[in-house]
Amino acid sequence: MSQTLLDKVWDAHTVRTLPNGSTQLLIGTHLIHEVTSPQAFGMLRDLGLKVLYPSRTFATVDHIVPTDEREEPFKDSLADEMIRALRRNCEESGVKFFDLPSGQQGIVHIVGPEQGITQPGTTIACGDSHTSTHGAFGAIAFGIGTSQVRDVLATQTMAIRKPKVRRINVDGKLAPGVYSKDVILHIIRCLGVNGGLGYAYEYGGSTFDAFTQEERMTVCNMSIEGGARVGYVNPDETTFAYLNGRPYAPKGAAWDEAVVRWKNSASDPGANYDDVVGYDAAEIAPTVTWGINPGQAIFIDERVPRLEEVPEKDRATAEEALAHMHLKAGEPIKGTKVDVAFLGSCTNGRLSDLTEVARHIKGRKVRAGVKAIVVPGSQGVAALAESMGLAAIFRDAGFEWRGAGCSMCLGMNPDKLVGDQLCASSSNRNFKGRQGSPLGRTVLMSPLMVAAAAVTGEIADAREIFSVK
Amino acid sequence: MALEKITQVTGRGVYVPGDDIDTDRIIPARFMKCVTFDGLGEFAFFDARDAAKTAGMVHPLDKPEFSGAGILLSGSNFGCGSSREHAPQALYRFGFRAVIAESFAEIFFGNSITLGMPCVVMSAADIQAVAAIIESDPAALLTLDLLEGKLSIADMDFPLALPEHAKEALVTGKWDAIADLLEGIDDVKARAATLPYMAA
């Protein structure tokens, strides 16, 4: 019978059916970080339990790490307590920790793939909703809460219901200056921020076939913003080429065997989907958000919607969004003044993001009065970018070049908006207060659009600013 | 690990209107700089409450007549965004024992059930009707009957929905899955042995 990748991975990892009908699902790879794990280790201690498979859990520190002054102890004593707790928990339980001095630290969803830990046909869980990122490799990857982190530590399993699968096809060629970030913002705009409830999203079509592994990660990363806990792309030669030679990827004969398994894990032709939708890549333009959730998005040339153009059920949220964003309904979003430009995050903090921006920003200058920061997603990305001369290009242009971490994606470290600053951001969430200031305003966009905002001091069309052809 | 069988939740209600109330709204990230969940309760909806204060208004959670409410009512897609269990933990520690909404984001829903805090779905119209009753009589008691699938308030009944697996978990006192999961450890090891990447 034809099966989806989700069906196959689910079957291969099902331990048993629990009394309430949920599946006890084996989680092959567990990723942890400092924010959602300390309480879980505390619960283990309270219950007198140990980590069942220490070699299948990997830790890094990302949310609370300062990106400028990284010497310990951190100035923020709470942040310092968190990194020390993680270090202690990893030592005591024998879990590998990509710690700050390792040269391998970074955002958990960048480190996993970079190390080759993220592999096709596997199950992955992490106490972070953007765990869907790992689906780009054909893994089934779940964001989980802290009690489930405890469950996975203690039993390497969790109780979960099998989701339905929606196939999302995107076909055709993206226009120059349009990126995978625009694709996912467009999908969320069309399907809604809760459109994915109960579904896993399987992304495919010729646009995805042509995407690099890193472009696929950007899309899968934001599946949760569309309400889908899981998002994935079937593994192919692009995936295998990315993984080959990475530290935790199989080697030698094991590699060949793994590739055979990985190929077999992909959805069969004619697999049955609970829903299928499709989009034409050529119709997607650079997309920016105007509101307080990622579904409130428009093409750069569009105007901020008038309330009467918004479906009635979404009107109250739209009204709240306009008030928070200080935007006027019916006006162009282009030209809106920008205070901060943030390039980084688990969505767009990878080497290809930095390379693409550096290519266009070379010789340009950040507009006076704009605070622009580049935060590589990992120490690995930072080292490569520095050796390739990208860091120098950014610095010359007036960007601050920082150390790896979640930075300004969320307000848990010193990188925060102040007051009602507006931030052009390559991150994934524009919720009220997300970037650390309750009044702060976030406009989500692709990395190159962030660069255009940095250079002009306003929301701008990168295709015009950088003459992208 | 015997847990309480949760078949009914009774308490006064408070209505926090709005759709897509995300977990950053429920507990802003800066309050997650902690290694325990203790003390999170006071920070529930912190920024929204503060913003109301600044605007010269009072957030529903700060209105004295709703003080001590145990059941929270809201709009659709409640709890979207981050997977932080800090969000339901903050609500629970604030004093809530159940949440009623038009729909829930998946991770928030699961995290809440694991705490023994039922998240039940009602229609927008029924939520409005209940909110109106609470508004006129903040002392009115709400009773969620999970077995019967209904909410009772002021001699009126409203239907509520709760997915079967969550209902089963709550009413049988198995809302925290850890005991069930631990029982299956032998099967876990057998399953893991079939997966080459688990051995590597």
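Visitor: Is Gln156(A) buried or exposed?
Guide: This is a predicted model, by the way. Gln156(A) sits in the loop between α5 (146-155) and β8 (157-160) of chain A. There are 28 C-beta neighbours inside 10 Å of Gln156(A), and the cut-off is 20 or more, so Gln156(A) counts as buried.

Visitor: What is phi of Gln156(A) near?
Guide: Most residues other than glycine have a negative phi. Gln156(A) is a residue other than glycine with a positive value, and its phi is near 60°.

Visitor: Which residue in the turn between β6(B) and β7(B) has a positive phi of about 45°?
Guide: The two strands run antiparallel, with 4 bridges joining them, and Ile153(B) has Met156(B) as its bridge partner in β7(B). They form a hairpin with 2 residues between them. The turn residue with a positive phi of about 45° is Ala154(B).

Visitor: Where does chain A have a cis peptide bond, with omega about -5°?
Guide: Most peptide bonds are trans. For this one, look in the loop between β4 (57-60) and α3 (77-93) of chain A, where Pro73(A) lies. The cis bond, with omega about -5°, joins Glu72(A) and Pro73(A).

Visitor: How is chain A divided, and what distance separates the centres of domain 1 and domain 2 of chain A?
Guide: Domain 1 of chain A takes in 5-162 + 232-265, and domain 2 covers 296-460. Taken over C-alpha atoms, their centres are separated by 28 Å.

Visitor: Which helix gives the largest share of the side of domain 1 of chain A that touches domain 2 of chain A?
Guide: In this contact, 20 residues of domain 1 of chain A meet 21 residues of domain 2 of chain A. The domain 1 side divides into 7 nonpolar, 9 polar and 4 charged residues. Its largest share, 4 residues, comes from residues 108-115 of chain A, that is, helix α4.

Visitor: How many residues of α4(A) are buried?
Guide: The buried residues of α4(A) include Val108(A), Ile110(A), Pro113(A) and Gln115(A). Just after the helix comes Gly116(A), with a positive phi of about 80°. As for α4(A) itself, the helix is mostly covered, and the buried count is 8 of 8.

Visitor: Which strands stand at the edges of the open sheet of 5 strands in chain A?
Guide: The order is β17-β16-β15-β18-β19, with parallel pairing. The edge strands each have a single partner strand, so one side of each is left without a neighbour in the sheet; they are β17 (400-401) and β19 (441-444) of chain A.

Visitor: Inside that sheet, what is the bridge partner of Leu343(A) in β16(A)?
Guide: β15 (residues 340-343) and β16 (residues 371-374) of chain A pair in the parallel sense over 4 bridges. In β16(A), the partner of Leu343(A) is Val374(A).

Visitor: At what angle does helix α16 of chain A run to β15(A)?
Guide: Helix α16 spans residues 447-456 of chain A. It lies across β15, β16 and β18 (422-425) of chain A, and its angle to β15(A) is about 155°.

Visitor: Which residues of chain A are in contact with Gly81(B)?
Guide: Gly81(B) lies in the loop between β2 (71-73) and α3 (86-94) of chain B, and with 27 other C-beta atoms within 10 Å it is buried. Gly81(B) is 60 residues from Ile21(B) in sequence, yet their C-alpha atoms are 8.8 Å apart in space. Leaving aside neighbours within four places in sequence, Gly81(B) is in contact with Asp22(B), Thr23(B) and Asp24(B), and, from chain A, with Ser129(A), Arg429(A) and Phe431(A).

Note on methods: Residues are numbered from 1 along each chain as its sequence is written. Chains are lettered from A and ligands numbered from 1 in the order in which they are written. This is a predicted model: local features need pLDDT of at least 70, side-chain atom pairs count only at pLDDT 80 or more; totals for chains, interfaces and linings use all residues. A residue is buried if 20 or more other C-beta atoms lie within 10 Å of its own, exposed if 12 or fewer, and partly exposed in between; C-beta atoms are placed from the backbone. Two residues are in contact if their C-beta atoms, placed from the backbone, lie within 7 Å. Two strands pair if DSSP finds at least two bridges between them. Axes are lines fitted to C-alpha atoms, for helices over the stretch in contact, and angles run from 0 to 180 degrees between N-to-C directions. Domain bounds come from an automatic or database domain assignment. Ala, Val, Leu, Ile, Met, Phe, Trp, Tyr, Cys and Pro count as nonpolar, Asp, Glu, Lys and Arg as charged, and the others, Gly among them, as polar.
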